[in-house]
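Q: Please take a close look at the surroundings of the ligand in this model, and walk me through them in one connected account.

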Amino acid sequence: MLCSKILVAYDESELAFKSLEKAIELAKLDPAIEIHVLHAVTLPIKPNIYGNAFQQIEESMRTHGNEVVQKAEALLSELPNASQTYVIEGSAITALLEHAKTNHCDLIIMGSRGLSGFKEFLGSVSHSIVQQSPVPVLLVK
Ligand SMILES: Nc1ncnc2c1ncn2[C@@H]1O[C@H](COP(=O)(O)OP(=O)(O)O)[C@@H](O)[C@H]1O
Ligand SMILES: [Mg+2]
């Protein structure tokens, strides 16, 4: 068996979308393969002096996080495979590693780069996941 539960690390980048497409391609090989799509929303640290203004920023970030996974849900709904999207608050690295462990995901698919502009190296999230994941990581380029 190739894998049974794929975790797709999903920000808003083109490569994250390609990662989802790759996961779907794999899942089409076997209807028993499950897909989990995780988008981490990292809220800014809240200095108390700003009070309510920060609550509004947090609210719109949460709302936006849910919008990000809606596009993934639309694609996944066309598959016979079981799938689920997750919007998790916190660091992407911690959220991905914890989710993979708790849910026994046996393959992580993610972009080599994300949204930041630097081109040469792996992104910081992909770098840490490749280093720390106990399961195989497929980096999409
Ligand atoms: N907030 C996030 N939630 C889920 N996955 C993420 C998040 N940020 C990045 N990723 C995953 O990590 C990949 C690499 O992104 P990242 O390491 O952040 O590079 P960059 O530094 O270019 O933004 C993305 O293509 C995506 O698969
Ligand atoms: Mg990034």
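A: Strand S2 (34-41), strand S4 (107-111) and helix H4 (124-132) each contribute at least two residues to the shell around ligand 1, where helices (H or I, at least four residues) and strands (E, at least two) are DSSP runs numbered from the N terminus. This is a predicted model, in which local features need pLDDT of at least 70 and side-chain atom pairs count only at pLDDT 80 or more, while totals for chains, interfaces and linings use all residues. Residues are numbered from 1 along each chain as its sequence is written, chains are lettered from A and ligands numbered from 1 in the order in which they are written, and side-chain values use heavy atoms, with hydrogens and water left out.

There are 19 residues around ligand 1, and Ala9, Arg113, Gly114, Ser116 and Val125 come nearest, a residue being counted as near if one of its heavy atoms lies within 4 Å. By class, the shell holds nine nonpolar, eight polar and two charged residues, with Ala, Val, Leu, Ile, Met, Phe, Trp, Tyr, Cys and Pro taken as nonpolar, Asp, Glu, Lys and Arg as charged, and the others, Gly among them, as polar.

Turning to individual contacts, a backbone N or O atom of Val125 lies 2.7 Å from an oxygen atom of ligand 1, a polar side-chain atom of Ser116 is 2.9 Å from a ligand oxygen, and a polar backbone atom of Gly111 is 3.1 Å from one; a polar contact here is a pair of N or O atoms within 3.5 Å. Taken alone, ligand 1 exposes 550 Å², of which the protein buries 91%, with areas from the Shrake-Rupley method and a 1.4 Å probe.

Notes: A polar contact is a pair of N or O atoms within 3.5 Å; within protein, one must be able to donate a hydrogen and the other to accept it, and residues adjacent in sequence count only if both atoms are side-chain atoms.
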